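Trainee: Could you walk me through reading a structure, one feature at a time?
Mentor: Gladly, let's look at it together.

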Amino acid sequence: MTANRFSYIFGPELYGRLLWFGRLRWLAVCGLALGALLGPWLGFGGVWPSLVVIASVVALYNLFFQGLLHHSRQAGRSFTNLRAVAMFLMVMDLAALMVTTHFTGGLQSPLLPFFAFHMALGTVMLAGRSMYLLAGGVSLGALALLLLEARGRIEFHPMIAGGTLDVSTGSLNLLTLVAALFGIVYLTDSVASRLKSRSIELLEATEALSDRTETLQRLLSELEDLERRKSHYMRISAHQLRSPLGTIKTTLRVLVERIVDPSTKRGRKLLDGALEVTDSLLAIVNDLLDLAKIREGRDRAPWSRGVNLNQLLADLFDSLATEAAERQVKMIPDFEGVAVLDWGVPPALVHAFENLIYNGIKYSLAERPLTVELRTVDESAVIKIIDQGIGIPEAFLDRVFLEFVRAPNAKQHAAEGTGLGLAIVKEVVEAHGGTVSVESPGQEGSTFTVRLPLRHTPSEAQRLLRAGNDRGYGAETHRWA
Ligand code: ADP
């Protein structure tokens, strides 16, 4: 428990108690003044000037410290300062009470119970050991008072006129006083310290609760954000599916209602068109499913060890050779070094690089080269797919990785396309701890750069490792999810 924390819990409370104690002190001042006033009638008239002096001293330091407390309220005094003030006031009060006791019959004074009263109040404010010290101090003070009065070193002031000092009564009173002082400190301290530790527990529980509430609120807002993005995504997906479906429906109605005869040339053309639209619909649905699988199924993906990117890209060159030849695009491999990922999902990587290289072919111009560059830089594989095709307008550079975004020049150049390929690429690359970016300076061709860390071990792969599932590229037929 740090001093700061302690001050946070008990500082304001101690402050309140000191103010309350100050108000009680005014009662004591009034009591002393009343004693001085009624003294002559009660039989101890001779000491009234002493009582007035004590009352004045108590009134003065009470006035001073109450003022000090009020002023320090805004300054936010630390607990240590407040405790020092409380301790000082306690000593002053006890000293004043001891002097008053001396003038009102010494150890036979009816004011003795007020020591016990002070001890109880003090223990609620101060640490137990300080109060034991004060109880010891008061006991010694009372003993000194009795001894000095008994030996005639100081004058005995009887409470009742003509009264004499009875040493045995005084001694008995002293013993009772000492027992009462220590007993009260012990009892009050055990109750107060239990209350203090309860307060600390309560504060800690409140803090933990507010921490949890904060975390919950953050999670809730994340969830809301996710929900918003999900419904936005669903809306644009549905929107993308609606227009081809609408086209198919219109075609079917025209044919079913015999507005156009399906056996005619025009009918045949309509059917071919509907078939084409169905293909694009299917392509969208397939891409959407792929994207959903990648987003949802990272932990179910076939994470494999030692994925050789040179091999993976070389295989893709073979499988895309026909498309490249059809569009008269010359594919050039430019590999330097060997890049092997510690962990990877081969089918997903194939899918991603296939999208990038296929785009390079699709959006290229005839007879232009398409270079796939592979380098290893700072423990990362850097793959660049460089084409000299139609390029990407600057306004679209940041957005092409979003779902369903297709630049107008791309739509013009190649009608077919879902606008989902690059979203899949981004998802796959990020699942491997990498990044993907695009440049298209002056819209003269495009360069897609994929950076994949070689030593990345995703948490999903770590789980596999712990489960003793240690697979490698080529060891099995890889299917995504
Ligand atoms: P799709 O190719 O099916 O339209 P993608 O998500 O693969 O969908 O690409 C999104 C958009 O990014 C394309 O429509 C096109 O505008 C732009 N794009 C992607 N690759 C290239 C490229 N190599 N050259 C020019 N534009 C490209």
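Trainee: What covers the buried residues of α6?
Mentor: First, some ground rules. This is a predicted model, where local features need pLDDT of at least 70 and side-chain atom pairs count only at pLDDT 80 or more, while totals for chains, interfaces and linings use all residues. Residues are numbered from 1 along each chain as its sequence is written. Helices are DSSP runs of H or I with at least four residues, numbered from the N terminus. A residue is buried if 20 or more other C-beta atoms lie within 10 Å of its own, exposed if 12 or fewer, and partly exposed in between, with C-beta atoms placed from the backbone. Contact means that two such C-beta atoms lie within 7 Å. Here the cover includes α4 (113–125), α5 and α7 (265–296).

Trainee: How many residues of α6 are buried?
Mentor: The number is 9 of 90, so α6 lies largely in the open. Among them are Leu174, Leu177 and Leu181.

Trainee: What span does α6 reach from its first C-alpha to its last?
Mentor: The expected span of a helix is 1.5 Å times one less than its number of residues. α6 reaches 127 Å, close to the 134 Å expected. Just after α6, Arg258 takes a positive phi of about 60 degrees.

Trainee: Where is Gly163 found?
Mentor: Look in the loop between α5 (128–150) and α6 (167–256). Gly163 counts as partly exposed because it has 14 C-beta neighbours inside 10 Å. Its C-alpha atom is separated by 26 Å from that of Phe117, 46 residues apart along the chain.

How values were computed
Helices (H or I, at least four residues) and strands (E, at least two) are DSSP runs, numbered from the N terminus.
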